[in-house]
Amino acid sequence: MSHKRIPKRKAAIAAGSVAALGAAALLLPNANASQDGAEDTAAAPKTLKAGDASDLASQLAGLLGDAFAGSYYDADNQQLVVNVVGDNNQLIIQAKKAGAAVRQVENSTSELKSAAQTLKTEATIPGTAWAVDPRTNKIRVTADSTVTGEKWDTLESTVQSLGSGMATIQKSAGTFKTFASGGDAIFGGGSRCSLGFNVTAGDGSPAFLTAGHCGVAVAEWSDAQNGAPIATVDQAVFPGEGDFALVKYNDPATQAPSDVNVGGGQTVPILQAAEAAVGQQVFRMGSTTGLADGTVTGLDATVNYPEGTVTGLIQTNVCAEPGDSGGSMFTQDGLAIGLTSGGSGDCTVGGETFFQPVTTALAAVGATLGAGGVGGAGEGAGAGEGVGEGAGAGEGVGDGAGEEAGAGGGDAVGGEQAGEEAGVGDQSGVEDGSGLTGTN
């Protein structure tokens, strides 16, 4: 099957078109001015963007050593809060001089890791999950609706054995599951998933990241329902130490833009990958539910899916549903954070969701974010001319998918051809693509 290149267009976020975009309104540049002009003092916490706070947290983790007990982002005050164990006043002063707000806590990182290992050994039960919550300096354990009877008793007794100040336990209304399903976006073997981020593979070929449970289930993916394959899985991990897959485009001339199409003619250029920070506001784009937002609630999460245990995930309260698997989690200022893995609930009742860190996935597969010299951020591939009316639900993401509709990588969601077929609410399929590439 031959391919043609998608025409290049300048990426732009149109401030006047966000009224009906729900979470998309929060993506406007009004929060990009993260640093105020106030003069910093040595002891005053700095005003930081979440991405900058994550970088500072990494630096302080090295500086504080064993005294570092995690950190989180205080979004209301735009500050990094660092947990410190012990009473080494010199370390506390250094952390404050670096710009962090410092909080002294009881549980060290090593103690929390030891508790997590106990949970893994004694309570690896399908339908359970746990992650470190630096805001409480405890491990938050969650059980879905399938954990009852002896399973619940085992989990509860294991949590109690850790000590009253080490972990909390809560119930989730739904069931933990991966979010693959049949429908639109990227298709393979009767399943539907979502493109996460376009990348350049180690050999220089164009590729994209998606969920590992999508990659292990289906080897070849299409941009149209029942369409010819346009990309082939190169590497996939699931279950185990992550949930990610590298999928290479079959046509080496494919132009893979480094952006996320959020609907209504808007794209967010993706500039680099970054670590998540607890408390950070994030956005998720998926083929079923479109754009949603929320906050990071935990790091280094372990999830016991029915298919097996996955470690090293990001926990959030951003909703997701079947078909959103693999979709991109990012920040409004263009940081790639995660790939949708799974969780409980839906976008009506909410729930807990888990994401594969992009930084870990990139390192594991040997890829780099974006397309390098082929369609960089801000000059991605176009997706038609129409402007959509909504991005979260309803009958269509735009006026249509066009010949080169953008569900994962185009500059616009609108087009002139497929109409409601590219809709987030209507999952009847895309006529000629989902923004991955065009075809002759």
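Mentor: Start at K49, which counts as partly exposed because its relative accessibility is 24% (buried means under 20% relative accessible area, exposed means over 50%, and partly exposed is in between, using a 1.4 Å probe and protein chains only). Keep in mind that this is a predicted model, where local features need pLDDT of at least 70, side-chain atom pairs count only at pLDDT 80 or more, and totals for chains, interfaces and linings use all residues. Residues are numbered from 1 along each chain as its sequence is written, and side-chain values use heavy atoms, with hydrogens and water left out.

Now, what does the side chain of K49 meet? It meets the side chain of D333 in a salt bridge, 3.6 Å from N to O (a salt bridge is a side-chain nitrogen of Lys or Arg within 4 Å of a carboxyl oxygen of Asp or Glu). Side chains of opposite charge can pair when their charged atoms come close. D333 is partly exposed too, because its relative accessibility is 21%. The two sit 284 residues apart, so to speak of where they are: K49 is in the loop between β1 (3-4) and α1, and D333 is in the loop between β22 (328-330) and β23 (335-343) (helices are DSSP runs of H or I with at least four residues, strands are runs of E with at least two, and they are numbered from the N terminus).

In α2, which covers residues 89-98, the buried ones are L91, I92 and A95. They lie on the same side of the helix because they cover an arc of only 100° around its axis (the arc is that of the directions from the helix axis to the C-beta atoms). Look at the two ends of α2 as well. At the start, a side-chain oxygen of N88 comes within 3.1 Å of the backbone nitrogen of Q90; after the helix comes G99, with a positive phi near 115°.

Back to charges: the count of salt bridges comes to six. One of them joins K248 and D203, with 2.8 Å between the closest N and O atoms. K248 is in strand β15 (residues 244-249) and D203 is in the loop between β11 (197-200) and β12 (206-210), so this pair ties together parts that are 45 residues apart in sequence. D203 counts as exposed because its relative accessibility is 54%. Elsewhere, salt bridges with shared partners join D133, R135 and R140 into one network. Within it, R140 and D133 have their closest N and O atoms 3.1 Å apart, and R140 and D133 are buried.

Five of its six residues are buried, so β5 is largely enclosed by the rest of the structure. β5 pairs with β6 (residues 138-143) in the antiparallel sense over six bridges (two strands pair if DSSP finds at least two bridges between them). A131 stands opposite R140 in β6. The two strands make a hairpin with four residues between them, and N137 in the turn has a positive phi of about 60°. β5 also pairs antiparallel with β20 (residues 290-305), over three bridges, and there V132 has L299 as its bridge partner.

F176 is buried at 3% relative accessibility, and F354 is buried at 0%. T353 is also in β24, and its side chain makes a polar contact of 2.6 Å with that of T316 (a pair of N or O atoms within 3.5 Å; within protein, one must be able to donate a hydrogen and the other to accept it, and residues adjacent in sequence count only if both atoms are side-chain atoms).
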